[in-house]
Amino acid sequence: MKGAAAITAALQGKPVIVCGPGGVGKTTVSAALALAAANLGRKTLVCTIDPSKRLRTSLGLARLTGTPQKVKGRLFAMRLDPKQTFDDLVRRHAADPEARERVLNNRFYQEISRHLAGTHEVMAMEALMGVSGDFDLIVLDTPPASSALAFLDAPKRVLDFVDGRVLRYFLKPYFVAGHLAIEPRTFVGRTFLRILDSAVGLQFLRDLSEFFLAFEGLFESFRQTANAMGALLKEEGTTFLLVTTPATSRVSEGAAFAEALRERGLTAAAIVANRVHPWAIGGGIDGSALESGGESLLPEDVARELRALAAREQLRAEGDARQLRQVASRSGLPAVLVPELESDVHDLRSLAAVAAWLAPAETGS
């Protein structure tokens with residue numbers, strides 16, 4: 001029960017951040033944790049950065065918006081919209097309407113606001129911090145990514161971008177408000193500009209310069225947001241829960257993620273092993289009634305097929321059990337096991353079945 005106790009304690013704390021590689025059921029686990037917390041009487045918000053409909057489906061909702069909406073009782077949900085949050089940040093901090101429109105309409109801004117590494121995570125946290133005071137607990141479903149560590153490194157990536165002033169210093173003397181103002185008078189300047197022109201084209205440089213000039217007054221606000229996110233991740237009370245499955249590759253990724261958290265000074269409470277073969281949790285079945293020579297009402301050929309099926313399932317269960325021992329050993333974290341369910345999670349009733357495994361004493365209606 002160590003893992004379940006760790007999760008129950010986390011639900012009494014501040015933010016719970018659910019992490020792990022893609023495809024392991026982070027969103028379902030996040031929704032189930034939020035349901036368990038709400039059933040404890042805590043006003044809880046579960047939110048996702050994932051643009052897919054997984055959270056909406058898990059909660060049985062027809063739609064999910066960018067503002068908190070009530071699901072049931074003290075449970076609320078929202079889908080964070082990083083692009084919209086980025087645009088709102090520009091609108092709040094732009095020096096004047098003209099500067100605001102120059103940024104929002106700039107081609108380079110439109111690209112980085114959608115694709116710059118770390119931007120979505122930081123902007124999602126900006127939106128999250130804007131509503132955090134309204135709830136007792138926030139459960140954050142982290143985004144799917146080729147590397148789940150991208151979320152942890154997002155503040156540093158954004159700060160590196162904001163502090164990358166060298167290119168601005170090269171460009172600013174030559175471009176003003178998107179126009180080539182003067183010809184570089186030095187050999188180095190002309191050479192640098194010629195190299196950039198041959199590599200990316202002057203139109204790209206104009207867009208880039210226009211972006212930096214228009215965005216000049218926003219870099220400090222952007223830096224503050226990234227710093228606030230980094231501080232929140234390390235704040236006492238912020239808890240990480242890792243989600244994995246018994247697949248070999250997922251076990252390795254889960255253990256690597258636990259180590260990455262330790263290296264960054266972040267706190268992981270437990271690891272959730274999702275979609276575990278039920279026999280690996282319950283110890284298998286008694287197949288003595290199917291054994292040859294025993295009394296059975298089944299025809300022998302049917303009993304033989306059932307014995308073969310049971311043997312295959314037992315092998316799967318034993319494989320899952322081995323993987324679970326490895327993940328517990330390599331991660332150094334208490335584990336909570338959630339069995340593979342017979343049907344997909346698509347409403348609050350099925351979600352409650354998952355919540356009962358995560359916090360078994362705390363999920364009553």
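This is a predicted model: local features need pLDDT of at least 70, side-chain atom pairs count only at pLDDT 80 or more; totals for chains, interfaces and linings use all residues.
The model contains an open sheet of 8 strands, arranged in the order S3-S4-S2-S5-S1-S8-S9-S10 with mixed pairing. S3 and S10 are the edge strands, each pairing on one side only. From one strand to the next, the twist averages 25 degrees.

At one end of this order, strand S3 (residues 69–72) pairs with S4 in the antiparallel sense over 3 bridges. Within this pairing, Lys72 stands opposite Leu75 in S4. The two strands form a hairpin with 2 residues between them, and Gly73 in the turn has a positive phi of about 55 degrees. S4 also pairs with strand S2 (residues 44–48), here in the parallel sense and over 5 bridges. Ala77 in S4 is the bridge partner of Val46. Strand S4 (residues 75–79) is mostly covered, with 4 of its 5 residues buried.

Further along the sheet, strand S1 (residues 16–19) and strand S8 (residues 239–244) pair in the parallel sense over 4 bridges. Ile17 stands opposite Phe240 in S8. Helix H15 packs on the sheet and touches S8, strand S9 (268–276) and S10. The direction of H15 makes about 170 degrees with that of S9. Helix H16 also packs on the sheet, where it touches S3, S4, S9 and S10. The angle between the direction of H16 and that of S10 is about 145 degrees.

A search of the whole structure finds 13 salt bridges. Among them is the pair formed by Asp344 and Arg54, whose closest N and O atoms are 3.3 Å apart. This pair links distant parts of the chain, the two residues being 290 residues apart. Asp344 lies in the loop between strand S10 (335–339) and helix H16 (348–358), whereas Arg54 belongs to helix H3 (residues 54–59). Asp344 counts as partly exposed because its relative accessibility is 48%. Arg54, at 25% relative accessibility, also counts as partly exposed.

Other salt bridges lie within a helix. The side chains of Glu259 and Arg262 meet at 3.1 Å, N to O. Both residues are in helix H13 (residues 248–263) and, because they are 3 residues apart, they are separated by about one helical turn. Glu259 is partly exposed, with a relative accessible area of 35%, and Arg262 is partly exposed at 41% relative accessibility.

In helix H15 (residues 300–331), Arg316 and Glu313 are likewise 3 residues apart, so about one helical turn separates them. Their side chains meet in a salt bridge with an N to O distance of 3.3 Å. Arg316 has a relative accessibility of 41% and therefore counts as partly exposed. Glu313 is partly exposed as well, with a relative accessible area of 22%. A network of salt bridges links Glu300, Arg304 and Arg307.

A nonpolar patch on the surface is formed by Leu298, Val302, Leu306 and Leu309, which together have about 280 Å² of accessible area. One of these residues, Leu306, lies in helix H15. Leu306 is partly exposed, with a relative accessible area of 33%.

Methods
Residues are numbered from 1 along each chain as its sequence is written. Side-chain values use heavy atoms; hydrogens and water are left out. A salt bridge is a side-chain nitrogen of Lys or Arg within 4 Å of a carboxyl oxygen of Asp or Glu. Buried means under 20% relative accessible area, exposed over 50%, partly exposed in between (1.4 Å probe, protein chains only). Patches are made of residues with over 30% relative accessible area and no salt bridge: like charges are joined within 9 Å, nonpolar side chains (Val, Leu, Ile, Met, Phe, Trp, Tyr) within 5 Å. Accessible areas come from the Shrake-Rupley method with a 1.4 Å probe; for residues, only the protein chains shown count as cover. Two strands pair if DSSP finds at least two bridges between them. Axes are lines fitted to C-alpha atoms, for helices over the stretch in contact, and angles run from 0 to 180 degrees between N-to-C directions. Contact means heavy atoms within 4.5 Å.
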